[in-house]
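Colleague: Could we go through this structure together? I would like to begin with the ligand surroundings and then move on to the chains.

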Amino acid sequence: MDMILKAIWSQLVTLFEVLRHTFTKADTVEYPEEMPYLAPRYRGRIVLTRDPDGEERCVACNLCAVVCPVDCIALQKTEDDHGRWYPEFFRINFSRCIMCGMCEEACPTYAIQLTPDFEMCEYDRQNMVYEKEHLLISGQGKYHGYSFYNVSGKSIEDKDKGEARNEAPPVDVRSLLP
Amino acid sequence: MPTIFVDDRAIEAKTGDNLLEVLLSNGIDVPYFCWHPAMGSVGACRQCAVVGYANPDDTRGRIIMSCMTPVTEGARFSVEAENATSFRNSVVENLMLNHPHDCPVCEEGGECHLQDMTVMVGHSDRRYKGLKTTFRNQYLGPLIGHEMNRCITCYRCVRYYQDYAGGDDLAAFGSRDRVFFGRAEPGVLDNEFSGNLVEVCPTGVFTDKTLSKHYSRKWDLQSAPTVCQACSLGCNTYTSERYGEVRRVHNRYHNEVNGYFLCDRGRFGAQHVNSPKRIPGAGIRNAGGLYEPVSIADALDKVKGLLTGKVIGIGSPRASLESNEALRQLVGADNYCNGMTSTEREMHGVILEVLASNLSVPTMMEVETFDAILVVGEDVTNHAPRLALSIRQAVRNIGQQLAADTGISQWHDAAVRELEQDEKSPLVILSPMTDRLDDIASDTHRLAPNDIVSMVEQIIEAIDEDKPSDAKDIASTLLAAKRPLIISGTSLSSPNILKVSANLAAALARKNPSTGIFLCASEVNSVGVAMIDNTGNAEELLGNRSETVIVLENDIDTRLGSALLDEVRNLVVIDAMDNPTTSRSSIVLPAASFAEAEGTFVNNEGRAQRSMATFNPAGDITPGYQLLSALGGDHLSASGWQQKLTAEHASLAGVVTCAPDEQFRIEGSRIARMTHRASGRTAMLADVSVHEPQQPLDTESPLAFTMEGNQTRAPASLRPYTWSPGWNSNQSIHKFQDEVGGPDKSGTTGTRLFTGSTELTGFELSEEASANLIGQVHIFGSDELSNEAAELSTLIPQPYARMSSATAASLEVSHHDGLAFGDIIMTVLVDDEVAERCVVYPMIPGTEALGSAQLSELQKVAGYTSPSDPLRPSLITTDRTS
Ligand code: SF4
Ligand code: SF4
Ligand code: SF4
Ligand code: SF4
Ligand code: FES
């Protein structure tokens with residue numbers, strides 16, 4: 001008996017709460033007339049960013065591709081004349097992307113970042129396939145000041161061995177001094 | 001079998017093993033770096049530490065290196081004790097002090113033993129704040145990349161390169177934390193087995209440069225178990241693909257064939273699959289003499305129309321048994337030949353007789369157990385390269401015997417080598433010129449091919465007689481051995497050399513039944529096609545004028561001379577690659593390469609092995625046997641042809657059993673060629689169409705071109721790559737072995753087709769014209785297919801004519817002069833290690849005509865400027881070295 005009364009009470013409280021909300025201010029906005037505020041960390045359209053020197057940040061390590069739960073990232077590594085790795089092509093199939101942000105988590109270079117732009121509608125699904133030229137922006141995105149090659153031991157143009165952060169100059173292997 | 005206790009668990013240990021091997025064999029993960037299953041222990045890295053207890057009452061124990069600890073009855077150890085785990089953690093932490101922040105741009109990433117071990121010990125944070133030591137890299141040639149910063153100084157590379165593979169141009173230099181592993185000067189690594197450094201080095205110091213050019217992580221590679229196509233030994237490989245290209249070849253452990261290592265021709269030669277010379281589709285030559293691309297269906301219809309009269313089918317020792325049999329059945333047994341020259345057929349006839357005889361034919365791994373070896377006119381390192389590595393281990397038998405007598409375990413590598421010093425078991429080489437194994441030979445004789453034959457005849461006589469002579473010395477060496485081995489092969493194209501070697505082995509075997517004979521054949525399937533049919537004579541069949549000739553994956557124009565095809569009206573060529581024969585065909589059909597087709601191949605020891613397709617070929621490219629099946633109208637699958645082969649040829653019964661057939665499933669699922677982490681499935685082809693196509697279906701095998709399916713439980717003959725949780729590198733192989741270094745848990749793959757029972761009566765030697773122009777096989781340059789691999793092709797030597805000073809004087813030439821035969825121009829190299837009256841030239845593309853030349857026809861070239869080193873190609877020796 002007790003149980004039944006409790007249940008009825010609970011139903012009444014619920015009805016009341018719903019009724020009360022009719023008189024509170026709405027959280028939804030009249031999109032698209034009014035644009036909602038989205039925090040920078042919002043997970044929308046993905047971009048590829050550049051390092052502070054304006055070079056492509058992506059080193060084609062494939063970590064974003066492997067972590068992607070829907071496998072919608074495909075790329076191919078290539079190398080410039082000085083040994084810098086970068087993607088020959090970089091493709092995201094946004095018609096599959098679930099905006100989970102795992103790629104951004106996995107990226108060791110801050111290259112791949114999700115942005116607050118969620119307005120990705122197309123009549124033709126094929127247009128949801130973005131290549132590097134569509135993904136690459138000219139700025140650093142959310143994370144400023146980081147350049148992977150400044151911490152990596154690989155030498156590239158204008159950064160020789162021993163010039164990365166925390167590195168001693170290359171040793172003289174011919175020296176036998178203690 | 002001593003019983004030991006590890007963390008209070010009783011374990012049956014194998015006598016003679018070290019503790020690390022026992023632990024790994026029993027599924028207990030212990031991290032290690034410097035120990036290698038084929039190279040033993042030196043205790044250099046301190047990573048494999050465990051706690052050992054002195055007696056049952058000892059509760060404290062002490063840290064010991066498991067790789068340096070023999071197992072004894074009742075011994076107690078702990079892998080999990082706190083001090084052992086923290087010790088192992090601190091070792092990795094120390095190794096990581098100077099490690100660069102490179103994984104994202106490191107070719108080893110994702111299959112890095114150092115990554116695996118770091119994760120295994122749980123090290124994650126670099127506490128040391130000091131500066132990292134850095135190094136400059138070296139240019140090591142077109143095959144191997146170098147990034148010294150990543151080194152953890154485990155010394156595996158030099159132990160492999162110098163001690164195991166006999167190389168002398170890679171060493172450890174410098175002192176203290178400046179130890180550097182590289183060459184004295186930048187330059188191409190000289191050893192033919194340098195590619196194994198990629199797998200031996202547990203880090204990304206030595207990486208596969210050919211892979212890096214079109215890099216993919218291991219998890220993205222679609223792979224399959226394949227058989228190396230580059231020589232007759234049939235080493236087991238994994239071939240891997242991404243985006244329709246063969247990206248790399250890795251070693252596939254086989255306990256009887258190739259063990260843990262491959263040669264560079266095999267490892268890097270498979271990139272011929274990506275050659276621009278590949279034939280992408282069918283073509284029919286039109287009236288104007290040009291090829292018109294047509295659909296495969298039209299081309300097949302056209303060929304069917306030509307099949308009315310007598311059709312000759314020319315098979316090939318580089319095509320699979322399936323394709324050869326399909327051709328044989330299409331044209332009829334009388335009109336089929338295996339596509340070898342008469343000399344080749346004669347030589348492989350000898351090999352077949354020896355395999356069928358009661359002489360004992362060891363496997364390549366067994367070669368390492370023989371204690372005296374005579375190499376008769378076979379250029380092992382260039383012609384059957386992997387065998388040279390085994391011979392290098394065999395000459396250590398005397399040292400290993402010493403160690404055994406002294407009670408030192410074989411895995412105690414440094415101690416055994418210290419004990420053996422320069423003592424080597426006898427290795428006698430009879431060859432017309434220097435041999436790459438000379439450095440370990442106890443005795444070498446430079447003899448013209450005919451003189452090699454007479455020398456062996458003298459040895460046979462000397463076995464019974466007692467007259468002092470060179471031959472007597474060799475005979476007594478062989479007689480003194482517990483297990484003598486005769487190695488010979490087809491590299492000098494002399495059937496007599498093979499025959500006389502067999503006779504010698506038979507003579508020795510009468511004295512010592514443990515005698516072995518190991519004969520190297522010519523190509524990947526030479527023995528196999530000789531078993532299908534070794535009587536059909538291409539010259540004769542083609543001489544009999546036939547309207548239509550079907551040539552299967554064989555460059556007849558080069559092999560048998562271009563005149564033979566002059567009279568053929570309709571030349572139908574089925575091949576994967578453009579070559580002189582293809583380009584004179586009237587119809588060409590695009591065959592799949594080995595990486596795109598299933599096939600069975602019989603190696604030189606008569607082992608039938610299955611090679612699986614790695615990926616689905618593009619467009620109209622089709623496996624040879626399927627094209628021929630379509631022509632014959634029977635549309636059989638690979639398994640269907642395997643059954644036919646067994647039905648038609650009693651000797652090939654093992655073809656069906658050498659690997660499971662297409663019906664094989666593991667709990668209803670196929671075996672996935674891709675890893676379960678393969679990426680990009682919904683994006684790879686999205687540039688073509690956003691609607692993902694169905695994954696290609698495999699109608700031929702139990703494997704699947706997808707990531708769905710089983711992998712880790714596949715039997716060795718179907719396992720597409722080795723991987724085990726926590727073991728991403730090839731070191732994971734021990735998870736699949738019965739015990740470390742033993743056979744696979746699923747058994748040894750391949751079926752040896754010969755039981756060897758017939759008594760060998762002895763071969764009659766035939767009349768052989770004395771050859772003075774000797775073609776030397778080159779590991780890079782003498783194999784039709786691997787020559788087309790982009791990077792290997794840069795290592796092909798330039799034409800040279802090597803001769804002794806006396807021969808040079810008689811030809812009135814001197815060192816670095818030019819010598820011409822027709823339009824072939826060779827650089828004279830004076831080398832007194834060449835047998836008298838012999839001129840050695842390289843068997844490389846373009847020198848084929850020299851095969852029928854005479855010394856007297858060679859002309860000195862006036863005003864010739866020689867390349868600086870004709871043996872070394874004109875490589876760009878400056879590469880990025882920083
Ligand atoms: S994880 Fe980052 S650096 Fe690596 S491939 Fe993706 S975007 Fe490039
Ligand atoms: S060697 Fe291994 S741990 Fe070192 S950078 Fe390469 S992948 Fe990373
Ligand atoms: S280069 Fe590789 S194999 Fe050689 S010592 Fe360094 S880590 Fe070990
Ligand atoms: S030895 Fe022969 S079969 Fe083995 S890897 Fe080299 S070429 Fe291939
Ligand atoms: S593996 Fe035992 S010390 Fe290196």
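**Ligand shells and chain build**

Modeller: Ligand 3 has 13 residues around it, and the nearest of these are C151(B), C154(B), Y155(B), C157(B) and C201(B). Please keep in mind that this is a predicted model.

Colleague: How do the residues of the shell around ligand 3 divide by class?

Modeller: The shell around ligand 3 consists of 10 nonpolar residues, two polar and one charged.

Colleague: And which residues come nearest to ligand 1?

Modeller: Around ligand 1 there are 13 residues, of which C58(A), C61(A), C64(A), C107(A) and T109(A) come nearest. The shell of ligand 1 holds 11 nonpolar and two polar residues, with no charged ones.

Colleague: Is C64(A) buried or exposed?

Modeller: C64(A) is buried, because its relative accessibility is 8% and the cut-off is under 20%.

Colleague: Which residues are around ligand 4?

Modeller: From chain B, the residues around ligand 4 include the cysteines C228(B), C231(B), C235(B) and C263(B). Also in that shell are A230(B), L233(B), G234(B), L262(B), G266(B), P385(B) and R386(B). By class, eight are nonpolar, two polar and one charged.

Colleague: Let us turn to the chains. What is the secondary structure of chain A?

Modeller: Chain A has four helices and six strands, and along the sequence they follow the pattern α-β-α-β-β-α-β-β-α-β. Its radius of gyration is 25 Å, well over the 16 Å given by the globule rule for 178 residues, so chain A is more spread out than a compact globule.

Colleague: What box do the C-alpha atoms of chain A fill?

Modeller: Along the principal axes, the box is roughly 90 × 50 × 30 Å. Of the 178 residues in chain A, 41% are buried. Among its contacts between residues at least 6 apart in sequence, 68% join residues at least 24 apart.

Colleague: Now chain B: how many helices and strands?

Modeller: Chain B contains 25 helices and 36 strands. The radius of gyration here is 28 Å, close to the 29 Å that the globule rule gives for 882 residues, so chain B is as compact as a globular protein of that length. Its C-alpha atoms fill a box of roughly 90 × 80 × 60 Å along the principal axes.

Colleague: What share of the residues of chain B count as buried?

Modeller: The buried share is 63% of the 882 residues. For chain B contacts between residues at least 6 apart in sequence, 72% join residues at least 24 apart.

Colleague: Which residues of α9(B) are buried?

Modeller: Helix α9 of chain B, residues 321–331, is mostly covered, with nine of its 11 residues buried. These are L321(B), E322(B), S323(B), N324(B), E325(B), A326(B), L327(B), R328(B) and V331(B). Just after α9(B) comes G332(B), with a positive phi of about 95°.

Colleague: What does V602(B) touch?

Modeller: Leaving out residues up to four places away in sequence, V602(B) touches L321(B), V524(B), N525(B), V527(B), G528(B), M531(B), R607(B), A608(B) and L753(B). L321(B) is one of the buried residues of α9(B). V602(B) belongs to strand β26, residues 599–602 of chain B, and it is buried at 0% relative accessibility. The C-alpha atoms of V602(B) and A530(B) are separated by 9.7 Å, although the two are 72 residues apart along the chain.

Colleague: A different residue, then. Where is R159(B) found?

Modeller: R159(B) is in helix α4 of chain B, residues 156–164. Its relative accessible area is 7%, under the 20% cut-off, so R159(B) counts as buried.

Colleague: What lies 3.0 Å from a polar atom of the R159(B) side chain?

Modeller: The backbone oxygen of C34(B) does. Beyond its neighbours within four places in sequence, R159(B) is in contact with C34(B), M39(B), G40(B), S41(B), V42(B), Y164(B) and D413(B).

Colleague: Last one: what about V354(B)? Which residues does it touch?

Modeller: V354(B) touches L359(B), V361(B), A502(B), I517(B), L519(B) and F763(B), not counting residues up to four places away in sequence. V354(B) lies in helix α10 of chain B, residues 342–356, and is buried with a relative accessible area of 2%. V354(B) and E420(B), 66 residues apart in sequence, are 35 Å apart in space, C-alpha to C-alpha.

Technical notes. Residues numbered from 1 in each chain as written. Chains lettered and ligands numbered in written order. Predicted model: local features only at pLDDT ≥ 70, side-chain atom pairs only at ≥ 80, totals over all residues. Heavy atoms only, no water. Helix = DSSP H or I, 4+ residues; strand = E, 2+ residues; numbered from the N terminus. Buried < 20%, exposed > 50% of the residue type's maximum accessible area, 1.4 Å probe, protein only. Polar contact = N/O pair within 3.5 Å; in protein donor to acceptor, adjacent residues only side chain to side chain. Contact = heavy atoms within 4.5 Å. Near = heavy atom within 4 Å. Nonpolar A, V, L, I, M, F, W, Y, C, P; charged D, E, K, R; others polar. Rg over C-alpha atoms; globule rule 2.2 N^0.38 Å.
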